[in-house]
Amino acid sequence: MSWLETGWRHVWLPYAQMQTAPLPLPAVRTEGSRIHLEDGRVLIDGIASWWTACHGYNHPHIVAAVAEQLGRMPHVMFGGLGHEPAYRLATRLAALMPGSLNRVFFTDSGSVAVEVAIKIAVQSRLNRGERGRTKILAFTGGYHGDTLGTMAICDPEEGMHSMFSGLLPEQPVVPLPRDPASIAGFESFLEQHHKTLAAIIVEPLVQGAGGMVLHEPEVLRRLSKAADHYGLTLIFDEIFTGFGRTGTMFAYERAGVTPDIVTLSKALTGGTCPLAATIATDELFEAFLSGSPMTALMHGPTFMANPLGCAAANASLDLFETEPRLEQVAAISAQLKRELEPYRTLPGVRDVRVLGAIGVVELERIENPAALRQALVKQGVWIRPFRNILYLTPAFTVSPEELSTLTQAIGTVLAA
């Protein structure tokens, strides 16, 4: 593994203290729900590479689509040129959205998709002559990305970005309105500060990186009602929850409400290529139309609408149309509930919760995440604990036997 040991002197890993971080596991091949290591070990992936590989790795339909596109046109700039994969993908995404969510702006990561959503929410008001409404209301426990703009709307206390408080724009963060006290606080805040706000942003149903914290659809209905009342742009960050993860194609469907902006990434390409999308209503789009270039949305990532990513995303949508993904999610959900629930009685376990293809075992604390991860690897699984949780977000194509291996590994390690 000379490539690993040599490269280790030059690579900077994500979310890792490089002075103490162990060498990463050398992955050389993937297939289905399995990661093959260079030493011959095979791990069942319980988290689908940060929730992206919803169809499993190397699905032949996506592989064929990307290979064909690679041979024809791997990339072309999106400024002044158009290509069929992007225009077809935009049409298909708009068709999946409710109401007038018809305008798709492509980027290459979830963080940037949220940055664009923030820009749209604020600039649409500026273009209409509204001044002073530049704040984005976010929620305790929320996470929306690691770029400067998105760090400002993450939870400042529980998140990873408190050290940047002097650099980041100050954005209001309040508890989600889910009980009488938080509802009263939310309504009071809006009554006092709505004239400074441009938008409300939330992860619908699940605050992912905040600890896989669940909330009821009624919370989304409450946010939608408040946004309508005060004339605020409502942004649903579906980067984690979109494409079937919570049991419906998009999480907001369970609430029966329509936001003004939806952000997508992660499973958009089936975990194959970087791609993200910000989808806005026709009404927001029209605020950027005028005879002046100054009212245009001034944003344009170099690799936006990359043809390889768009080809992968179109192929992924094909699979949602032709293979029983949501039925598979329902089966995964039932199995997770059945097999994780007994762990609620283990010492140190605070909670067990399941929503769609998300299974969480919350602990009182995790003293040594690296050691816990190593113990799970010894059980033949790839599960990455964080904060105080062990969680499963497997591919929707995971077999019942593979899923049982994942759940049993958690039980074995916790019991030990």
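**Entry 1: the annotated lysine**

I began with the UniProt record, an unreviewed entry, which lists Lys266 as "modified residue: N6-(pyridoxal phosphate)lysine". UniProt positions are in the numbering used here, feature names are shortened, and annotations may be inferred rather than shown by experiment. The model is predicted: local features need pLDDT of at least 70, side-chain atom pairs count only at pLDDT 80 or more, and totals for chains, interfaces and linings use all residues. Residues are numbered from 1 along each chain as its sequence is written, and side-chain values use heavy atoms, with hydrogens and water left out.

I found Lys266 in the loop between strand E11 (261-264) and strand E12 (276-281). Helices (H or I, at least four residues) and strands (E, at least two) are DSSP runs, numbered from the N terminus. Lys266 is partly exposed, because its relative accessible area is 26% (buried is under 20%, exposed over 50%, partly exposed in between; 1.4 Å probe, protein chains only). Leaving aside neighbours within four places in sequence, Lys266 is in contact (heavy atoms within 4.5 Å) with Trp50, Trp51, Thr52, Ile239, Phe240 and Gly271.

**Entry 2: the binding-site set**

Next I checked the "binding site" annotation, again from an unreviewed UniProt entry; it covers Gly110, Ser111, Asp237, Pro301 and Thr302. They spread over 193 residues of sequence and, in space, up to 22.8 Å between C-alpha atoms.

I looked at two of them. Ser111 sits in helix H5 (residues 110-127). Ser111 counts as buried because its relative accessibility is 17%. Beyond neighbours within four places in sequence, Ser111 is in contact with His144, Gly145, Asp146, Thr147 and Thr150. Pro301 lies in the loop between H9 and H10. Pro301 is buried too, at a relative accessible area of 15%. With neighbours within four places in sequence left aside, its contacts are Phe105, Phe106, Thr107, Asp108 and Val112.

**Entry 3: helix H11**

Ser333 lies in H11. Ser333 counts as buried because its relative accessibility is 9%. Leaving aside neighbours within four places in sequence, I found Ser333 in contact with Val354, Leu355 and Gly356.
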